[in-house]
Amino acid sequence: MGFADQQGKIWMNGKLVDWKDAQIHILSHVIHYGSAVFEGLRCYHTKKGPAIFRLQDHTRRLFNSAKIYRMEIPYSEDDINHASIDLIKVNNLESCYIRPLVYRGYKQLGVDPSGCPIDVAIAVWPWGAYLGPQALENGVPVCVSSWNRFAPNTAPSMAKAASNYMSGQLIKLEAISHGYVEGIALDVYGHVSEGSGENIFIVRDGVLITPPFGASILAGITRNTVKKIAEEMGYEVREQMIPREALYISDEAFFTGSAAEITPINSIDRIQIGGGKRGPITKKLQDRFFAILEGDDEDKYGWLTYI
């Protein structure tokens with residue numbers, strides 16, 4: 001099911017709609033002004049059956065993003081959680097990507113969105129490794145983008161807003177055009193921010209370092225997961241500003257995200273990072289991460305919601 005065959009169901013405003021019929025009007029506010037917030041999360045195939053990773057945390061962030069943009073969602077968090085679970089059951093999926101979307105719909109146009117309805121949709125589909133099937137082991141080559149992230153008090157980076165990803169598209173397209181898989185954006189002050197759609201960590205002398213919220217990053221849920229796992233394993237994790245040159249002399253570097261999971265970076269601007277492949281700390285974090293997701297290790301944080 002999904003994009004290839006347009007089979008399956010999509011949840012739209014409380015109703016299950018055939019994939020091919022899940023449409024909106026061309027004059028919907030979201031199309032013209034990017035007025036949407038969304039989430040991306042995964043359901044994993046575990047030994048106990050399908051399980052959604054950190055469902056409640058993702059839904060809470062969805063509501064927080066909507067709150068920042070003054071969008072009152074006409075459903076409760078529990079409604080969205082149950083809808084996601086029911087949608088996976090209806091589509092008979094063992095593992096999938098989940099995309100809840102809150103957007104301003106069809107009624108009027110103009111920058112003032114006050115009169116437009118708040119619509120909600122959820123879609124699910126199978127989705128493999130985001131940055132390529134070999135990326136989790138071999139890593140990916142990336143570059144520092146010429147496009148910076150937003151300056152403070154211009155657009156809210158902590159909201160997962162559709163409009164923010166226009167910036168991400170520029171970063172991604174530039175990277176691909178120059179022969180890289182992904183790009184790294186700096187903030188307006190020249191510090192490391194994040195990828196086009198991922199958070200970033202570097203490793204120096206056994207210490208994990210990741211940019212703080214003040215570097216115009218999204219407050220990533222997988223980022224938070226990696227911090228908890230790393231600290232549990234005895235590693236020091238620091239949130240601090242990272243100068244660009246620190247990227248090049250890191251021992252390891254990796255992206256985190258619901259789509260990217262934990263993806264190693266093997267080079268930056270064609271400068272090899274570490275051994276030019278997944279580093280030992282990155283592998284340990286991956287092993288622990290996937291052991292929890294697949295049910296081999298105890299889920300002591302209650303991160304999995306079983307279908």
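This is a predicted model: local features need pLDDT of at least 70, side-chain atom pairs count only at pLDDT 80 or more; totals for chains, interfaces and linings use all residues.
**Exercise 1. Strand 7 and its partners**

Which residue in strand 7 is the bridge partner of Met-12?

*Solution.* 

Step 1. Met-12 has Ala-121 as its bridge partner in strand 7.

Step 2. Strand 1 covers residues 9-12 and is joined to strand 7 by two bridges, the two strands running antiparallel.

Step 3. Look for another neighbour. Strand 6, residues 96-104, pairs with strand 7 over eight bridges, again in the antiparallel sense. Opposite Asp-119 of strand 7 stands Tyr-103.

Step 4. Check the burial of strand 7. The strand spans residues 118-125, and eight of its eight residues are buried.

Step 5. Sort the side chains by direction. Ile-118, Val-120, Ile-122 and Val-124 point one way, while Asp-119, Ala-121, Ala-123 and Trp-125 point the other way. Both sets are buried.

**Exercise 2. The length and faces of helix 5**

*Solution.* 

Step 1. Helix 5 runs over residues 164-177, so its 14 residues should span 20 Å at 1.5 Å a residue. The end C-alpha atoms are 21 Å apart, which agrees.

Step 2. List the buried residues of helix 5: Asn-164, Ser-167, Gly-168, Ile-171, Glu-174 and Ala-175.

Step 3. These residues cover an arc of only 130° around the axis, and therefore lie on the same side of helix 5.

Step 4. Ask what this side packs against. The buried residues of helix 5 pack against strand 8 (140-144) and strand 9 (182-186).

Step 5. Turn to the face directed away from the buried side. Met-166, Leu-173 and Ser-177 are the exposed residues there.

Step 6. Follow the chain past the end. Just after helix 5, Gly-179 has a positive phi of about 90°.

**Exercise 3. The largest nonpolar core**

Which residues of the largest nonpolar core touch the most other members, and which element supplies the largest share of this core?

*Solution.* 

Step 1. The core has 25 residues, and those touching the most other members are Ile-52, Ile-88, Ile-98 and Val-102.

Step 2. At least two residues of this core come from each of strand 4 (41-46), helix 2 (55-68), helix 3 (77-90), strand 6 and strand 7.

Step 3. Helix 3 gives the largest share, five residues.

Step 4. Examine helix 3 itself. Its buried residues are Ile-80, Asn-81, Ala-83, Ser-84, Ile-85, Leu-87 and Ile-88. Just after helix 3, Asn-92 takes a positive phi of about 55°.

Step 5. Take Ile-52 as an example of a core member. Residues up to four places away in sequence are not counted; among the others that Ile-52 touches are Leu-41, Cys-43, Ile-85, Ile-88, Ile-98 and Trp-303.

**Exercise 4. Thr-222**

Is Thr-222 buried or exposed, and what does its side chain reach?

*Solution.* 

Step 1. Thr-222 is part of helix 6, residues 221-232.

Step 2. The cut-off for a buried residue is under 20% relative accessible area. Thr-222 has a relative accessibility of 3%, so Thr-222 counts as buried.

Step 3. The side chain of Thr-222 reaches the backbone nitrogen of Ser-258 at 3.3 Å.

Step 4. Leave aside the neighbours within four places in sequence. Thr-222 is then in contact with Thr-256, Gly-257, Ser-258, Glu-261 and Phe-289.

Conventions
Residues are numbered from 1 along each chain as its sequence is written. Side-chain values use heavy atoms; hydrogens and water are left out. Helices (H or I, at least four residues) and strands (E, at least two) are DSSP runs, numbered from the N terminus. The expected span of a helix is 1.5 Å times one less than its number of residues. Buried means under 20% relative accessible area, exposed over 50%, partly exposed in between (1.4 Å probe, protein chains only). The arc is that of the directions from the helix axis to the C-beta atoms. Contact means heavy atoms within 4.5 Å. Two strands pair if DSSP finds at least two bridges between them. A nonpolar core is a set of buried Ala, Val, Leu, Ile, Met, Phe, Trp, Tyr and Cys residues joined through side-chain atoms within 4.5 Å. A polar contact is a pair of N or O atoms within 3.5 Å; within protein, one must be able to donate a hydrogen and the other to accept it, and residues adjacent in sequence count only if both atoms are side-chain atoms.
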